[in-house]
Amino acid sequence: MARFIERHPAWALIAIIAIAVVLWLVFAIWPPGLEAAIGRKRVFLNAVLNGITLGGLYFLVASGFTLIFGLMRNVNLAHGSLYLFGGYIGYAISTWTGSWILSFIVAFIVVALVGVILQLAVFRRMEGQDLRQTMVTIGLSIVFADLMLWVFGGDFYQIQTPAWLIGPIQLPLLTAIKSSGEPVYLQYPLVRLVIFAASVVIGVAMWLALNRTRIGMIVRAGVDDRDILAATGVRIQLVFVLVFALGAGLAGIAGVVGGTFQSLSPGEDTRFLLASLVVVIVGGMGSIPGAALGAVIIGLAEQLGSVYIPTYAIVVTFLIMVLVLALRPQGLLARR
Amino acid sequence: MDSVAHRLSAVGAGAALELRGVTRLFGALAALTDVTITVRPGERRAVLGSNGAGKTTLFNCITGDFPPSSGTIRFFGEDITQFPPYERIRRGLRRTYQISALFPGLTVQDNVYLACRGVSRGRFSFLRPGQNDALMHATENLVQAVHLAAVKDQRVAELAHGQQRQLEIALALAGAPRFILFDEPAAGLSPTERRELIEILTSLPAHIGYIIIEHDMDVALRVVESVTMMHNGRIFKEGPPREIESDPEVQELYLGGGHE
Amino acid sequence: MSLLQSTQFRPDPSATTARRAFIRAWPDFQNPAAWLVALILIIMPLIASGFFLIEIFATTLILGIIALSLMFLAGYGGMVSLMQLTIAGFAGYMVAVFGVSGNANISLGWPWWLATPMALALATLFGTLGGALAVRTEGIYTIMITLAIGAAFYYFTNQNWAIFNGHTGINTVATPHFWGVDWRADIAFYYVTLGIAAICYFAVQYVSRAPFGLALQGVRDNSRRMAALGFNPNAHRIAAYAFAAFIAGLGGVLQVWNYRQISPGSVSVGACIDILIIAVVGGITRPIGPFIGAFIFVLLRTFALDVLIKFGLDGNRFRLLIGLGFLAIVFWSSDGVIGLWERWRRHHVSSAKRTGGGRHG
């Protein structure tokens, strides 16, 4: 941190000012002039929290995508299909058993198994041919999409939020002071906060696993230099299968989350594939912290954009991507 | 320093290539440390040194494939340190690669034609060259000069190793080179091909200088007038071939046990 | 894999140099099959009904033109761009926005001969800027960035009402009428499409052997070496995007004239990927590939329903069929159906030789 300030004093100053402004916007009572200019503080806080929690969801999808890409140079364009498949599995399990938690476990296992099968049956045969692998994932995404359309139809599904998570929770964030002098606190859906906390836990766990365990070291070494892996005599195929399973399983979990937050329908696979692409391009290909940063940035941009400039919301997301590509083409937190 | 004197010193030196304090780091590893070299126009010099001495990195810094971490590089008086590779090439600098870097999908003639086109106008031309195109003639001549006329319509992937090395040299001779960097041009050549290579090198016009990296002392010392010894990324010794060859330190380091 | 044209036809040794150069430059003129195909295409209106002429052949040619622009980038430049349909769609939208349409509040009402060049220029600009972004990174990243650009455009057209009229799109787009001819009438439109497709096809083939095309193939094979020959590789890549964008733009103009409307559905992510499928199935090493791919794609799309039902299957599974076919091609041939066909022919020739050469013992 100190080195960053030393090397880029101007950027550091801008960042500090930006953080101060954001903190003020979140914690202060807005003066009437500001409310008149950009609307109520409650709307703003809701958009910010929605953005951050959506970022948590994006992180779940994109972390698997970036892990698979980083290690195997496999641009898995069927990642969105894995997400949607996980969501449908989660829906089926939760309506059948009524257990929300169980639907996560089953979705993770089933989608991870799909990942294992894909790696063993398909991608192992074309190792090192990244373009061909990508083509295969495109073909698979079409086939999966049509199969899922066949089975589940074009309807919208929503996974039932469990009773203990339903309803809002009061946050210690002031939105306004009533004329009577009574403070008004922000109400926010508990389920979104819980899911966000869970994705933070998963992210930290992944980071720890990558940085503190032997297999994590191997994976990281492989991301940095794939030739090292072969040289160390590690059973590289096993590592590949495990990483693919983990990445796919995370997409499956994300599907259940997305099905609870939002809804499941054909087309969601593409939406989340695009989100993963942009998150990973912005954050840095192959980097887990990068995926986290990118996910929060994109989540915030989408939510704030849709509140404040609804017809150009997508443009904001896109401009962020363009800006990153222009200034730092390898992504914000990538090594190279 | 007075700017006129500064400019005069640059012109007065009249160096074809002038490196001052060039250093190149790869992370924490210094592949080149404080290298200062001056080469006169038309001068022919060998760079010797064991593997990892920094010879190819030196070439990469000069051509801009990797920019130096610090130091300046002048080419015929012009500071080219910040130039992208293609700007340096357009000014008359050329190089060959240690491992043939050719276009395997294209024919021999197309390879040479591209080299000729790269240093002339019309790089973006959408018009195919006609039969009387000047560059087509230049291409034909170059192909002849490196004894590849018989295979000019073959794809490079189908060529023998020796032929690919010759094509490398043809690419470096395209246009009007003023200075060429040869990176181990004799590697893997048969004795006959080596003789042909020496013949090509010695018959280059006198105004074209070059630096050659060569492990084969017989080849190197026959085609150069000065030698630079490198060791661990630094210049270790400079001088005429005979002197270097008989230098006891050099013999111990390189010609003796140091060389694999 | 690039210049197969030059090795494909072994010229007669007695031919003069000029003649040999001509054959090398235009391999199609030596190929009787090519002449036959050209003849059939020209007399097609005598054979085919209006439905076939437009729904099958004109549609094939239009999709072929758009896929050709991808083939140019991927085959000669090594850049797999998924935004070619987006560029075509953008050109289509611009024709509708600048020209005349049923949405008078949006369309500016320019005559077609002004609106069309404007649309082409803007589409070329769009493709060039997108390309300039995509070349910031290399290799497989190109797919991700161009797909992101394509998807962003799709969602933008959905959200934006001021220019793109949201998800309803722009309808009843006017088509050119001049010299007393309705150029959107079946036969006239077929010939317009055929003419533009032929121009694009020969232009790509010509440029592939021109300095620009050769340099692009050099950049594809070894961009570092190209820089060491005096070329600026990224400038060549961006120029290739510009050229491809112009071709894609032509396809897009024809497409909006064909359907007389354009909406976000025309630029969806699925449609972008369809263009890749068309190019890959046809073969991305030669300009003819995209047209073959487009023909197969259009036939499948048009008749899969009937065929599937005839075999007692669910007629809605067209995309499943496309996906499986695409997977099969990717698995078995790196050069699409042309590659399969050539492999089969070589096998045939070599087995014929083997039986014929038996007398040598």
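A salt bridge is counted here when a side-chain nitrogen of Lys or Arg lies within 4 Å of a carboxyl oxygen of Asp or Glu. The model is a predicted one, and over all its chains the structure holds 19 salt bridges.

**A salt bridge between distant parts of chain B: Asp65(B) and Arg95(B)**

- Asp65(B) forms a salt bridge with Arg95(B), and the closest N and O atoms of the two residues are 3.5 Å apart.
- This pair links distant parts of the chain, since Asp65(B) sits in the loop between helix H2 (55-63) and strand S4 (70-75) of chain B, while Arg95(B), 30 residues away, belongs to strand S6 (residues 93-95).
- Asp65(B) and Arg95(B) are both buried.

- Arg45(B) is joined to Glu238(B) by a salt bridge in which the closest N and O atoms are 2.5 Å apart.
- Here too the pair links distant parts of the chain, with Arg45(B) in strand S3 (residues 44-48) and Glu238(B) in strand S10 (residues 234-239) of chain B, 193 residues apart.
- Arg45(B) counts as buried because its relative accessible area is 7%, whereas Glu238(B), at 39% relative accessibility, counts as partly exposed.
- Both residues belong to a network of salt bridges that links Arg40(B), Glu43(B), Arg45(B), Glu225(B) and Glu238(B).

**A salt bridge within one helix of chain A**

- Glu268(A) forms a salt bridge with Arg271(A), for which the closest N and O atoms are 3.1 Å apart.
- Both residues lie in helix H12 (residues 268-283) of chain A, where they are three residues apart, or about one turn of the helix.
- Glu268(A) is buried, with a relative accessible area of 11%, while Arg271(A), at 24% relative accessibility, counts as partly exposed.

**A nonpolar surface patch on chain C**

- Leu36(C), Leu39(C), Ile40(C), Ile42(C), Ile43(C), Leu46(C), Ile47(C), Ile187(C) and Tyr191(C) together make a nonpolar surface patch of about 880 Å².
- The elements that give two or more residues to this patch are helix H3 (32-47) and helix H8 (186-208) of chain C, and the largest share, seven residues, comes from H3(C).
- Ile43(C), one of the patch residues, is found in helix H3 of chain C, and at 34% relative accessibility Ile43(C) counts as partly exposed.

Methods. Residues numbered from 1 in each chain as written. Chains lettered and ligands numbered in written order. Predicted model: local features only at pLDDT ≥ 70, side-chain atom pairs only at ≥ 80, totals over all residues. Heavy atoms only, no water. Patch = residues over 30% accessible without salt bridge, like charges linked within 9 Å, V, L, I, M, F, W, Y side chains within 5 Å. Areas by Shrake-Rupley, 256 points an atom, 1.4 Å probe, with all protein chains shown as cover. Helix = DSSP H or I, 4+ residues; strand = E, 2+ residues; numbered from the N terminus. Buried < 20%, exposed > 50% of the residue type's maximum accessible area, 1.4 Å probe, protein only.
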